[in-house]
Amino acid sequence: MANKETILYHYTDFSALDGILSNSELRLNNVLNMNDASEMLLFMSGLCKAVLERFQADGDQERAKWTVKVFSEERKKEFVYSAYAACFSCYRDDAAQWERYANRGRGVCIAFRESLLQQMTVEPLSLQPVFYQDDVSGHELVDTLYELICQNEPPLRMTSEIRETLNHAWTASAAFKHPSFASEKEVRLVVSPFEQGFFDVKPRYHITKERIKKYYPVDLRKMCSRANVRLEDVLAELIIGPESTQSIPILQDYLNDHGYRELAGRVKKSACPLRERL
């Protein structure tokens, strides 16, 4: 029996849909601007605590104090070292996702075939399942940092290996969330611009009446070309939000006029009873 195809669902608004289909662009937004912005710092704090406890158990006060100092400096750099991501859920037509991420159900859900999206993703981009836990003591980075600091003979200093591992920690923090969010079953397409010198995408800025937001546009056409797949094949379906007034025929006209004739036949209306739930 063949394995069931895994689909990732991107809940968003119609403006973002137009950017993806007209410009073949997927926006990666700063994780610190998302509704779970504190999670990156929670991960870094948990990592510090786990490494610190190792040195305290060893009775190594010098390395314990140095660890606290290093992570204290790191936490001041949260915006500089923050990651950018596009978020997906494993859940189709989900009430919570519609409310939180798709303009309270008035937006749209874009379904991506995970296998093709993974095929398109190359460094410095990574497709990461979010892990949900409040204790990071078992994370592999704890062992790595502990060993690197152990090898660091006094006077203790920031080595290139420790710096690189801390960079990896910031990247990992972008896929960390508190267990209370576990019901979202989230996957993220992540990039950390600070870490990879060969990430040559220029940032852009989205300006509204209220604020300026920085983001990185990912060229989906280029990604598809490199993986030898069609963007229309990557997109499994479009689901119109339960509170949306969008006409299916007009959306299909839009898709046909933009060259997505097959996708036009894969448009659905949400069956989620969001109005009753609210």
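**Close-up 1. Lys185 sits in a loop with a positive phi**. At 44% relative accessibility, Lys185 counts as partly exposed, a class between buried (under 20% relative accessible area) and exposed (over 50%), found with a 1.4 Å probe on protein chains only. Its place is the loop between β7 (176-177) and β8; strands here are DSSP runs of E with at least two residues, helices are runs of H or I with at least four, and both are numbered from the N terminus. Phi of Lys185 is near 45°, although the residue is not a glycine. A note on what you are viewing: this is a predicted model, where local features need pLDDT of at least 70, side-chain atom pairs count only at pLDDT 80 or more, and totals for chains, interfaces and linings use all residues. Residues are numbered from 1 along each chain as its sequence is written, and side-chain values use heavy atoms, with hydrogens and water left out.

**Close-up 2. Ser24 also has a positive phi**. The angle is about 55°, in a residue that is not a glycine. Ser24 belongs to the loop between α1 and β2 and is buried, with a relative accessible area of 5%.

**Close-up 3. Ser89 is a buried residue of strand β3**. Its relative accessible area is 1%. The side chain of Ser89 reaches the backbone nitrogen of Tyr91 at 3.0 Å. Beyond its neighbours within four places in sequence, Ser89 is in contact (heavy atoms within 4.5 Å) with residues including Ile7, Tyr11, Gln97 and Lys185.

**Close-up 4. The cysteines form zero disulfides**. A disulfide would need a pair of cysteine sulfur atoms within 2.5 Å. The sulfur of Cys48 is 15 Å from the closest cysteine sulfur, in Cys150, so that pair is too far for a bond. For Cys87 the closest cysteine sulfur is in Cys90, at 12 Å, which is also too far for a bond. Cys48 is buried, with a relative accessible area of 7%, whereas Cys87 is partly exposed at 23%.

Key: Polar contact = N/O pair within 3.5 Å; in protein donor to acceptor, adjacent residues only side chain to side chain.
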